[in-house]
Each structure stands twice: as C-alpha cells, then as structure tokens.
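Here is a quick walk through one chain, from its overall make-up to the packing inside. Have a look at the sequence and the model first.

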Amino acid sequence: MSGIPKDWNGERAGVALVAHDGLRVPTATVTTEPDGAFVIPNVPPGEYQVIAWCPATDWDPEATPAGTDARSAVRAVAISGGADAPIELELRPLPAVNGRLTWDGKPRSDFACRGAETIAFRSEDRWLDLWSPVVSINGDRFTVEGLPAGRYKIELPDLEDRCRLAAVRVGNETAPDGVGLDGLAPLMLDISTATGEISGTVIGTKAEPVAGKVLLVPADREGAPQTAQLDAGGRYRFDKVPTGTYRLIAMKELNSTDYLDPIAAPNLDTKMVRVEAGRKATADLTLIR
C-alpha cells in the first residue's frame with residue numbers, strides 16, 4: 001500500500017493501518033517521506049482503516065491533546081492482494097466542538113448529575129484515540145478539542161445511575177445513531193432523570209406461574225442490571241426505571257452471567273422493552289432455566 005496526503009506542506013506525518021475487524025491496535029505504522037509519500041509493505045488482503053496525523057508523533061493511545069496546527073485523515077480501504085493499492089488522504093484541521101448540557105430539555109445550570117463532566121467520544125471510523133479530547137465544563141457548557149473530524153458515538157460513562165444521556169442533538173437535529181463532528185454545529189446533550197415502569201407475568205414451560213427472578217439489563221448503555229422477585233402469581237414490577245431500552249430475562253436462579261455477554265445474550269429467551277418517561281410498559285416472559 002502506498003499513498004500521499006493532499007495539501008502537503010512539507011511536514012512529516014504519521015500513518016497507521018488498522019484492521020476493520022479485530023483488536024483496536026495498528027497493524028503497521030510508518031512516517032511519511034519529506035514529500036508526503038508513504039509505503040506500507042506486505043499488507044494481507046482485507047478491509048482496513050488508514051489513519052494519518054500531522055505533525056508526526058509516536059503512536060500512543062494516551063498521547064496528550066494535539067495542538068491547534070494538527071491535522072488528520074481517516075479513510076477506509078479494501079486490499080485484494082497481489083497489487084499495490086495507492087491511496088490519497090486529505091489532511092484536515094481538528095475542529096473545536098462547542099456544546100451544552102441540558103436537563104430534561106431545559107437549560108438549567110443549577111441542576112447537577114454527578115459524572116456529567118466526563119464525555120467519551122467513540123469513533124465509528126475506528127479512530128484509536130491518538131489524541132485525547134480536552135473537555136472543559138463552564139456551568140452547563142463544554143468545549144472538546146483535539147478530535148479528528150468524523151462520526152462518533154457520544155457517551156457519559158461516569159454518569160450516576162439516576163441520570164442518563166437521553167438525547168444528542170447537532171444544532172437542531174437529533175442524532176440517535178452518532179454525530180458527525182466538523183466543528184460547525186454545536187452539540188446539545190440532554191440529560192434526563194425521567195423514569196417509567198415495567199411490569200408483567202412470567203410463565204414456565206407448562207404455561208403456569210413460576211418462582212424466580214427477572215433481570216432488567218440496559219441495552220443502549222453500560223449499567224448494572226436490576227433484579228425483581230416474582231410474587232406468588234408469577235408477576236414482577238420495576239418502578240422508577242430511567243428512560244431507555246432494556247433487555248428483560250426471567251431466570252429461576254442467577255447461576256451465570258451470560259445475560260451480560262453481548263454475544264450470548266441475544267441467544268437467550270429475552271425481550272427488548274423501551275421505557276418512556278411517565279409511562280408503564282408491559283412485557284410477559286418465559287422462564288429460560
């Protein structure tokens with residue numbers, strides 16, 4: 001594989017090759033020649049991301065934030081083998097993204113959910129966090145610097161359990177499936193404390209109420225599962241559930257943790273439920289074991 005970044009100004013750039021599937025580590029890293037050309041030899045067939053950054057620094061996932069003159073590029077490439085795969089990369093400045101936190105849709109800076117100070121950007125282009133973002137909170141406002149332009153999932157990983165990130169908007173548009181950062185439109189992150197309720201009945205293989213427990217596992221974010229005990233009629237109830245999507249599982253005994261495994265969980269007899277603010281959701285379940 002060989003290439004040259006566009007709009008070259010003579011500085012050396014770092015270039016990394018990252019497999020589209022597998023570990024989030026570079027398959028190879030090189031530094032460009034003074035004219036911007038680079039070669040990555042002996043690349044096995046497959047799908048990759050090619051990532052370039054300038055000025056060139058050593059590859060370090062814990063590196064300090066990039067300076068104001070930094071530029072980057074990310075491009076997908078498929079290698080079929082047997083021939084050179086020339087590519088051209090366009091280095092772009094790293095945008096500064098301004099944003100604001102709202103609570104239940106209202107700009108209230110006097111309400112605080114612990115953990116809202118940590119904002120995580122998960123790249124959909126498999127960017128490997130070469131430069132960590134700089135997040136500064138001033139009341140309900142923040143600025144993120146040092147992120148290459150691209151599409152990201154936004155999370156608040158340290159947000160306390162009673163709160164959740166309910167919506168992400170770019171300007172006036174809701175972005176449930178990730179946002180494209182270009183440094184132009186401001187980000188609005190809406191944190192909610194609204195809750196709903198889930199209830200239902202669990203039956204066994206003989207279509208009769210059974211003894212056991214129901215687990216409520218967040219499906220759209222990380223979080224600890226909740227447990228509800230079945231009553232004599234096989235009924236269960238979760239109240240004050242933060243809004244979001246959940247996976248419900250009925251078990252006689254909690255004798256494994258496969259319900260937390262993202263690969264194994266979909267194969268269990270589970271049911272997905274959406275909890276909305278102020279509403280009651282109903283889901284009847286079958287005991288899985």
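## Packing inside the chain

Among contacts between residues at least 6 apart in sequence, 70% join residues at least 24 apart. Keep in mind that this is a predicted model. The chain has zero helices and 25 strands, and 40% of its 289 residues are buried. Its accessible surface comes to about 15,300 Å², with 48% of that belonging to carbon and sulfur atoms.

Now for the inside. The largest nonpolar core has 22 residues, and Phe 121, Ile 154, Leu 189 and Ile 191 touch the most other members. Elements giving two or more residues to this core are β9 (97-103), β12 (141-145), β13, β14 (164-170) and β17 (187-192). Take Ile 154: leaving aside residues up to four places away in sequence, its contacts include Phe 121, Leu 165, Val 179 and Leu 189. There's also a second, separate core of 19 residues, with Val 202, Val 210, Val 241 and Ala 281 among them.

On to the rings: the count comes to two aromatic pairs. In one of them, Phe 121 and Tyr 152 have ring centres 6.1 Å apart and planes at 85 degrees, so the pair is edge-to-face. Phe 121 sits in strand β10 and Tyr 152 in strand β13, so the pair ties together parts that are 31 residues apart in sequence.

Definitions and conventions: Residues numbered from 1 in each chain as written. Predicted model: local features only at pLDDT ≥ 70, side-chain atom pairs only at ≥ 80, totals over all residues. Heavy atoms only, no water. Phe/Tyr/Trp six-rings, centres within 6.5 Å; stacked < 30°, edge-to-face > 60°. Helix = DSSP H or I, 4+ residues; strand = E, 2+ residues; numbered from the N terminus. Core = buried A, V, L, I, M, F, W, Y, C linked by side-chain atoms within 4.5 Å. Buried < 20%, exposed > 50% of the residue type's maximum accessible area, 1.4 Å probe, protein only. Contact = heavy atoms within 4.5 Å. Areas by Shrake-Rupley, 256 points an atom, 1.4 Å probe, with all protein chains shown as cover.
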